[in-house]
Amino acid sequence: MKVLVPVKRVIDYNVKVRVKADGSGVDLANVKMSMNPFDEIAVEQAIRLKEAGKADEVIAVSVGVKQAQETLRTALAMGADRAILVIAAEDVHTDIEPLTVAKILKGIVDEEQPGLVLCGKQAIDNDMNATGQMLSALLGWSQATFASEVDIDGDSATVTREVDGGLQTIKVKMPTVVTVDLRLNEPRYASLPNIMKAKKKPLDEKSAADYGVDPAPRLEIVSTVEPAARAAGIKVGSVDELLEKLKEAGAV
Amino acid sequence: MAVLLLAEVTDGELAMDATAKAVTACASLGDVTVLCTGATCADAAAQAATISGVGKVLCAEDAIYGKRLAEPVADLIVSLSGDYEHIVAPATTDAKNIMPRVAALLDVMVMSDVTAVVDGSTFERPIYAGNAMQTVKSSDAKKVITFRGSTFDAAETGGNASVENIGAAGDPGLSSWVEDKVAASDRPELTSAGVVVSGGRGVGSEDDFKIIEALADKLNAAVGASRAAVDSGYAPNDWQVGQTGKVVAPNLYVAVGISGAIQHLAGMKDSKVIVAINKDEEAPIFQVADFGLVADLFDAVPELTSKL
Ligand SMILES: Cc1cc2nc3c(=O)[nH]c(=O)nc-3n(C[C@H](O)[C@H](O)[C@H](O)COP(=O)(O)OP(=O)(O)OC[C@H]3O[C@@H](n4cnc5c(N)ncnc54)[C@H](O)[C@@H]3O)c2cc1C
Ligand SMILES: Nc1ncnc2c1ncn2[C@@H]1O[C@H](COP(=O)(O)O)[C@@H](O)[C@H]1O
């Protein structure tokens with residue numbers, strides 16, 4: 001079985017986001033970019049499946065700008081076998097919508113015929129939480145979102161999902177799309193020898209047009225602004241003072 | 001213009017607060033029809049019919065909707081979609097599982113966690129863990145939306161909408177339910193509680209989390225947690241507050257032993273009054289706290305609990 005892992009290049013989760021003064025978006029020039037944290041977990045899971053003999057090949061895919069190459073090299077250094085970069089934008093500020101990404105991924109699935117697609121649950125830049133579900137819909141496959149446990153057994157997978165009420169376990173038919181949550185695993189760091197080896201692994205470059213997909217967005221960005229700031233608070237010196245202030249504020 | 005709203009129904013029970021907040025959110029978009037699904041959902045439908053502003057309730061009662069698996073529910077919504085321009089739901093994990101699937105089947109984009117309606121095609125939503133607010137205008141014929149509950153007040157009850165039973169849309173047979181692990185709790189539900197007390201890594205152990213729970217019980221509060229507390233096994237996953245957990249905006253939020261990473265702030269910074277108890281006076285949580293107490297939580301929290 002082949003496993004396809006879509007990985008997105010996003011602002012590093014430790015970087016403080018700055019909104020551009022003209023309201024056109026968030027400033028991404030000269031900012032540290034990394035693999036979306038959820039996607040690291042997806043790559044890790046795919047590699048573990050290969051190590052357990054349940055997958056033969058792990059293919060990492062990224063859709064976006066040319067610089068997403070670096071993200072794919074990270075996936076290759078972690079242990080993915082090969083990578084596909086689909087160039088769909090030139091400006092690093094252009095975010096490709098989940099629907100477009102899903103359509104491109106469908107094109108890749110049609111070509112590669114993986115038995116499993118492992119996505120992240122959410123990209124930490126647009127916070128959409130949509131691509132995996134959309135891909136599953138376009139393929140007519142089953143879906144298992146927000147996974148904290150995945151057990152593949154022949155033609156079905158048993159997946160435990162993190163839901164509002166706690167945990168839900170479902171069984172899905174293969175092939176399937178799984179989106180992974182934070183507690184599924186602890187992703188490995190790439191070792192230096194593996195980083196060197198990754199440079200020689202195949203990385204194919206494609207365009208959105210190769211899959212017949214028009215990357216034009218459906219959502220026009222009207223404005224991007226800073227959220228309203230909270231008024232500065234105060235420090236209290238004791239529990240008694242805290243209680244007094246809370247009573248004054250009508251909070252207790 | 002008409003709106004189809006997927007109600008939050010779990011095991012036959014309507015989540016009134018989440019559903020009524022979504023009714024408020026979409027009220028300006030057109031006549032609201034609420035869809036209830038479940039193995040049983042007559043009671044939920046009857047209750048949804050009492051929410052003011054609801055014009056009609058559709059009740060799709062069938063075993064295949066029992067656990068609200070994404071594939072059958074999405075197919076049902078698509079089969080009904082012809083009559084509606086907006087298809088909406090509260091931004092719960094159930095809806096986030098289902099609605100993007102609906103959108104893709106309709107060949108439209110989804111808008112997740114919408115916090116404000118500008119007009120019928122223009123909506124505001126947070127991005128980058130709430131560090132930026134983006135307004136987007138959809139050019140799609142149908143708009144598929146989940147609304148973030150913490151920014152809308154629940155619609156009142158007192159309505160009397162008609163309830164129509166509808167048939168199932170067929171079972172794609174792609175997935176099946178195995179089990180739920182839901183901890184029963186007498187405490188208020190996290191996303192609708194008026195007071196939330198959250199503990200972080202600073203609490204140190206599952207056992208010590210009891211002091212957080214004791215404070216919560218004194219305040220009739222829900223209990224929340226940071227991701228670090230959940231990952232360390234001090235608290236269950238459904239307590240996690242933040243960018244990738246639950247978003248809450250109670251009247252009072254008490255953060256104990258939580259440093260205040262942006263991913264945590266994303267889930268609580270719209271709370272009315274924020275209290276932070278942390279022994280590190282430099283902790284970023286103090287930047288959003290109305291009242292900050294620099295103290296060891298093992299002294300301050302029991303003292304606070306006993307004096308309340
Ligand atoms: C993709 C992604 C998504 C994430 N999503 C979330 C999310 O949804 N929610 C979330 O919370 N986090 C999330 N995180 C994690 C986040 O970045 C932080 O790591 C996490 O919030 C830290 O939790 P914490 O504040 O409990 O722990 P720490 O940062 O370790 O802070 C512990 C605090 O406790 C204080 N303390 C220790 N002992 C005491 C004592 N005795 N008395 C008083 N104070 C004490 C310390 O001074 C410190 O400030 C996410 C991270 C990533 C990468
Ligand atoms: N441009 C992209 N390239 C590759 N994978 C992506 C891209 N956008 C989204 N994904 C995948 O879809 C997941 C969810 O993203 P989103 O729906 O944008 O929140 C991510 O964690 C990735 O696995």
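Let me start with ligand 1. It has 30 residues around it, and R201(B), S226(B), S259(B), Q263(B) and N278(B) come nearest; a residue counts as near if one of its heavy atoms lies within 4 Å of the molecule. Ligand 1 lies between chains A and B.

Before going on, the conventions. This is a predicted model, where local features need pLDDT of at least 70 and side-chain atom pairs count only at pLDDT 80 or more, while totals for chains, interfaces and linings use all residues. Residues are numbered from 1 along each chain as its sequence is written, chains are lettered from A and ligands numbered from 1 in the order in which they are written, and side-chain values use heavy atoms, with hydrogens and water left out.

Which atoms does ligand 1 meet in polar contacts, that is, pairs of N or O atoms within 3.5 Å? On S259(B), a polar side-chain atom is 2.6 Å from a ligand 1 oxygen. A polar backbone atom of V241(B) is 2.8 Å from a nitrogen of ligand 1, and a backbone N or O atom of G245(B) is 3.4 Å from an oxygen of ligand 1. On its own, ligand 1 exposes 990 Å², and the protein buries 86% of that, with areas from the Shrake-Rupley method and a 1.4 Å probe.

Where does ligand 1 sit? It sits in the second largest pocket. A pocket, on a 1 Å grid over the protein atoms alone, is an open set of points with protein on both sides within 12 Å along at least five of seven lines, whereas a cavity is a set where a 1.4 Å probe fits but cannot get out. Sitting in one requires more than half of the molecule's atoms within 2 Å of its grid points.

Next, ligand 2. The space taken by ligand 2 is the largest cavity. It is surrounded by 19 residues, the closest being D39(A), V63(A), A123(A), N129(A) and T131(A). A polar side-chain atom of D39(A) is 2.4 Å from a ligand 2 oxygen. A backbone N or O atom of V63(A) lies 2.7 Å from a nitrogen of ligand 2. The protein covers 99% of the 470 Å² of accessible area that ligand 2 has on its own.

Last, charges over rings, meaning NZ of Lys or CZ of Arg within 6 Å of the ring centre and within 35 degrees of the ring normal. K235(A) lies over the face of F286(B), 4.7 Å from the ring centre. The charged end of K67(B) is over the ring of W177(B), at 4.3 Å from its centre.

Definitions and conventions
Polar contact = N/O pair within 3.5 Å; in protein donor to acceptor, adjacent residues only side chain to side chain. 1 Å grid on protein atoms, 1.4 Å probe; cavity = no way out; pocket = protein on both sides within 12 Å on 5 of 7 lines; lining within 4 Å.
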